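Work through the exercises below with the sequence and the model open. Each task is followed by a solution in steps.

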Amino acid sequence: MMVLVFAALLAAFACGWRHKTAAAIGLLALAFVLAVALFLWEIYSPQYGFAMPWIQVERAAPHAATGEG
Amino acid sequence: MRADAEQSALAFGNYLYQLLILTTFAGILTAAMAMQYAFGELPCPLCLLQRAAMFGICFGIMLDFRERFSYRNVGLSLLNAVFLLVVSARQSLLDIYARPGHAYVGSTVFGLHMPVWSVIISVLLLIAYALQLAVLGGDRDLPNLPASTCPKLKRAGEVVSLYVMALLAINLVSVILQCGFGQCHTFGYALLHG
């Protein structure tokens, strides 16, 4: 999929250079959609989903630990 | 229509600004590729997506130089700048807390790793475009001033655009060698190891 992203980008540049603007923007849009899809696929974890529990900084509030409030 | 001298100054300032942004990104991409080939630091999948976003930013500027300045082209670059920010922020957060199997890959530049630099670069670019739109965005004549109004800047912009295209072509070959048509890894070039 990464190959497709870069291939679509290069084709977009080539079309833009040759003044085929509509085709160039279409190819850039294709590259962008593929890149977003690949990004979501890369960061998805079967265990955590899209969450990042390792940066969870929430701690039990003092009143919860002591049973107050 | 205003005086020709005033229009020429406006076009010159605008295209010079675009050329500075394009040249900066050409330099950043060159540095990334130099670190890959000279020091053997293979880019991770999210790193490659950040490179793709940087090429997307350059694309909008290249269209400005090939034709004329357009707010549509600014929009294309901004869209890629936001994507660069999202990907780099997520990668920075991914490795921000040391845990087994997760650490920032690659060497540092002034103590900061590549995804952190990408966050800074994307924010600076967003600020640069915000300033450009705030200062020049209200001018009705700007989209009517083709790059050929400033022949030397147009030529320079096209040369840098060609250079960026060459970098992109090298990157495509590199991605084919590293990832093949499957998932990308940083262990080595998949197609070179059979």
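This is a predicted model, in which local features need pLDDT of at least 70, side-chain atom pairs count only at pLDDT 80 or more, and totals for chains, interfaces and linings use all residues. Residues are numbered from 1 along each chain as its sequence is written, while chains are lettered from A and ligands numbered from 1 in the order in which they are written.

**Exercise 1.** Describe the side of chain A that touches chain B.

Step 1. Chain A has three helices and zero strands; helices (H or I, at least four residues) and strands (E, at least two) are DSSP runs, numbered from the N terminus.

Step 2. Two residues are in contact if their C-beta atoms, placed from the backbone, lie within 7 Å. The contact draws 24 residues from chain A and 30 residues from chain B.

Step 3. The largest share, 11 residues, comes from α1(A).

Step 4. Sorted by type, the side of chain A that touches chain B has 20 nonpolar residues, three polar and one charged. Here Ala, Val, Leu, Ile, Met, Phe, Trp, Tyr, Cys and Pro count as nonpolar, Asp, Glu, Lys and Arg as charged, and the others, Gly among them, as polar.

**Exercise 2.** Determine how α2(B) and α5(B) are oriented to each other.

Step 1. The axes of α2 (residues 45-66) and α5 (residues 151-179) of chain B come within 10 Å and cross at roughly 150°. Axes are lines fitted to C-alpha atoms, for helices over the stretch in contact, and angles run from 0 to 180 degrees between N-to-C directions.

Step 2. Angles under 35 degrees count as roughly parallel, over 145 as roughly antiparallel, 65 to 115 as roughly perpendicular and the rest as oblique. α2(B) and α5(B) are therefore roughly antiparallel.

Step 3. Residues of α2(B) in this contact include Leu48(B), Phe55(B) and Met62(B), and those of α5(B) include Gly157(B), Val164(B) and Leu168(B). The contact divides into eight nonpolar, three polar and three charged residues.

**Exercise 3.** Is His19(A) buried or exposed?

Step 1. His19(A) lies in the loop between α1 and α2 of chain A, and has a positive phi of about 65° although it is not a glycine.

Step 2. A residue is buried if 20 or more other C-beta atoms, placed from the backbone, lie within 10 Å of its own, exposed if 12 or fewer, and partly exposed in between.

Step 3. His19(A) has 11 C-beta neighbours inside 10 Å, so it counts as exposed.
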